[in-house]
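Have a go at each task before you read its solution.

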Amino acid sequence: QEQLVESGGGLVQPGNSLTLSCVASGRTLEMYVRGWFRQAPGKEREFVAALSWNGVSTTYADSVKGRFTISKDTAKNTMYLQMSSLKPEDTAVYYCAAIGRRFWSISGARDQTNYNYWGQGTQVTVSS
């Protein structure tokens with residue numbers, strides 16, 4: 001059974017950094033596109049960043065561009081989200097997700113309806 005498990009969330013002060021991890025298991029070779037989404041209290045879930053598992057392509061939401069970096073360790077089947085210069089508005093539950101088919105388009109990677117595998121989420125709170 002395919003599974004995505006996030007870790008690394010927590011409480012951090014504004015301006016500091018935090019790295020999230022997402023470990024995949026099951027038929028992971030089918031998870032060709034993997035991404036991060038977040039949902040703040042009272043708001044809809046939104047796209048954060050995504051990458052193609054061959055490492056060729058990445059895309060970021062404008063709100064995190066230049067502050068967040070998405071990366072992967074293929075050997076560990078793990079995806080990361082390095083977050084720096086965190087702001088209170090980055091507070092949310094962060095979810096990792098995967099698309100179980102071979103494709104890539106920036107618009108498609110940003111569309112959560114394309115993702116068919118989801119983790120349970122990890123809370124990130126940015127507060128002084």
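A disulfide here is a pair of cysteine sulfur atoms within 2.5 Å. Keep in mind that you're working with a predicted model.

**Exercise 1.** Work out how many disulfides the cut-off gives, and which residues are joined.

Solution. 
- Step 1: apply the cut-off within 2.5 Å, and the count comes to one disulfide.
- Step 2: the sulfurs of C22 and C96 sit 2.1 Å from each other, and this is the joined pair.
- Step 3: look along the chain. C22 belongs to strand β3 (residues 18-25) and C96 to strand β9 (residues 92-99), so the link ties together distant parts of the chain, 74 residues apart.
- Step 4: check the surroundings and the geometry. C22 and C96 are both buried, and their link is right-handed, with 55° about the S-S bond.

**Exercise 2.** Find which strands stand at the edges of the open four-stranded sheet.

Solution. 
- Step 1: write down the order, β1-β3-β8-β7, with antiparallel pairing.
- Step 2: β1 and β7 (68-73) each have a single partner strand, so one side of each has no neighbour in the sheet; these two are the edges.
- Step 3: zoom in on β7, which pairs with β8 (residues 78-83) over six bridges. K72, for instance, has M79 in β8 as its bridge partner.

**Exercise 3.** Is G8 buried, exposed or partly exposed?

Solution. 
- Step 1: locate G8 in the loop between β1 (3-7) and β2 (10-12).
- Step 2: its relative accessibility is 35%, so G8 counts as partly exposed.

Methods. Residues are numbered from 1 along each chain as its sequence is written. This is a predicted model: local features need pLDDT of at least 70, side-chain atom pairs count only at pLDDT 80 or more; totals for chains, interfaces and linings use all residues. Side-chain values use heavy atoms; hydrogens and water are left out. Buried means under 20% relative accessible area, exposed over 50%, partly exposed in between (1.4 Å probe, protein chains only). Two strands pair if DSSP finds at least two bridges between them.
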